[in-house]
Amino acid sequence: RGLVKLFAVKLDPKSRSDRPKWDSAWLSAWIVKRLEQYGGSIERRAISILIQQVGQDLYALDSECAKLATYVGGSRPITERDIAALTQYVPESSIFEIVEALGKGDAKTALTLMHRSIERFGESPLGILAMINRQFRQLILVREALDDPSCEAALRQAEEFKALPEFVLNKLREQARRFPMSELERIYRHLLEVDYNIKVGKVADVLALDLLASGLASQV
């Protein structure tokens with residue numbers, strides 16, 4: 001009198017065996033169905049943003065789906081802005097916080113956020129470093145535009161800025177105002193050195209992030 005039911009899931013064949021990840025198409029379809037159960041819908045781009053922000057935890061994704069559907073109330077599809085406003089697990093926000101902590105020399109906060117990204121969201125240390133690199137590169141370009149308004153048009157035409165929502169660009173402007181250009185350039189050079197040392201095997205990736213945070217803290 002038992003009941004056997006198959007809960008079919010599909011893993012990404014490229015994911016590591018010790019850290020499996022769901023197949024992206026399967027996970028996207030799962031989110032759409034979950035939101036339908038809660039009376040909601042979601043824009044296509046917002047699906048990938050939600051996955052990027054919340055990670056692979058289906059319980060967390062289910063909770064966020066319920067919250068987002070309630071917030072929108074079925075009146076319209078869920079957008080990227082809704083996710084940014086409500087989701088507490090935002091890796092992009094974590095990168096902003098990590099950058100802020102690194103700039104202030106707050107090694108403890110930077111380390112906590114980086115290790116949380118590795119342990120909770122399954123991010124690789126090199127992936128985190130790449131996002132921090134990208135963030136500081138963007139801050140340098142934004143700082144340049146703030147210092148010289150004639151650069152603003154070129155900034156908006158740059159490939160990596162075209163797809164950025166306005167509220168993200170505003171966050172970059174806000175953060176760039178807190179750094180002098182000389183400080184941004186110094187940190188960026190240091191990041192490139194760390195990236196090189198990891199890739200040539202001079203230092204382990206997680207240790208490199210720890211040394212990055214402590215090294216910048218001692219220089220601020």
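Phe136 and Phe179 are both buried. They belong to a predicted model of a chain whose secondary structure amounts to twelve helices and zero strands. Of the 220 residues in this chain, 42% are buried.

**The aromatic pair**

- The structure contains one aromatic pair.
- Phe136 and Phe179 form this pair in an edge-to-face arrangement, with 6.1 Å from centre to centre and 75 degrees between the planes.
- Phe136 is part of helix α7 (residues 125-147), while Phe179 sits in the loop between α10 and α11 (181-199), so the pair ties together parts that lie 43 residues apart in sequence.
- Leaving aside residues up to four places away in sequence, Phe136 touches Val99, Leu102, Phe179, Leu184, Ile187, Tyr188 and Leu191.

**The nonpolar cores**

- The largest nonpolar core has 38 residues, and the members that touch the most other members are Leu102, Met114, Ile132, Phe136 and Leu139.
- At least two residues of this core come from each of α5 (91-104), α6 (107-121), α7, α10, α11 and α12 (205-219).
- Helix α7 gives the most to this core, with nine residues.
- Another core, of 20 residues, lies apart from the largest one; Leu27, Ile31, Ile47 and Ile83 are among its members.

**Leu129 in helix α7**

- Leu129 has its place in helix α7.
- Leu129 counts as buried because its relative accessibility is 0%, and buried means under 20%.
- The contacts of Leu129, not counting residues up to four places away in sequence, are Leu191, Val194, Asp195, Ile198, Leu209 and Leu212.
- Leu129 and Leu209 are 80 residues apart along the chain, yet 7.6 Å separates their C-alpha atoms.

**Gln175 in helix α10**

- Helix α10 (residues 166-176) includes Gln175.
- With a relative accessible area of 4%, Gln175 falls under the 20% limit and is therefore buried.
- The side chains of Gln175 and Glu100 are joined by a polar contact of 2.8 Å.
- Beyond residues up to four places away in sequence, Gln175 touches Phe96, Val99, Glu100, Gln135 and Leu139.

**Cysteines**

- A disulfide is a covalent bond between the sulfur atoms of two cysteines.
- The structure holds zero disulfides.
- Cys65 has a relative accessible area of 0% and is buried.
- Cys151, with a relative accessible area of 22%, is partly exposed, because that class lies between the 20% and 50% limits.

**The chain as a whole**

- Read from the N terminus, the elements run α-α-α-α-α-α-α-α-α-α-α-α.
- Of the contacts between residues at least 6 apart in sequence, 64% join residues at least 24 apart.
- The chain exposes about 12,500 Å², and carbon and sulfur atoms supply 53% of this area.

Notes:
Residues numbered from 1 in each chain as written. Predicted model: local features only at pLDDT ≥ 70, side-chain atom pairs only at ≥ 80, totals over all residues. Heavy atoms only, no water. Helix = DSSP H or I, 4+ residues; strand = E, 2+ residues; numbered from the N terminus. Buried < 20%, exposed > 50% of the residue type's maximum accessible area, 1.4 Å probe, protein only. Polar contact = N/O pair within 3.5 Å; in protein donor to acceptor, adjacent residues only side chain to side chain. Contact = heavy atoms within 4.5 Å. Phe/Tyr/Trp six-rings, centres within 6.5 Å; stacked < 30°, edge-to-face > 60°. Core = buried A, V, L, I, M, F, W, Y, C linked by side-chain atoms within 4.5 Å. Areas by Shrake-Rupley, 256 points an atom, 1.4 Å probe, with all protein chains shown as cover. Disulfide = S-S within 2.5 Å.
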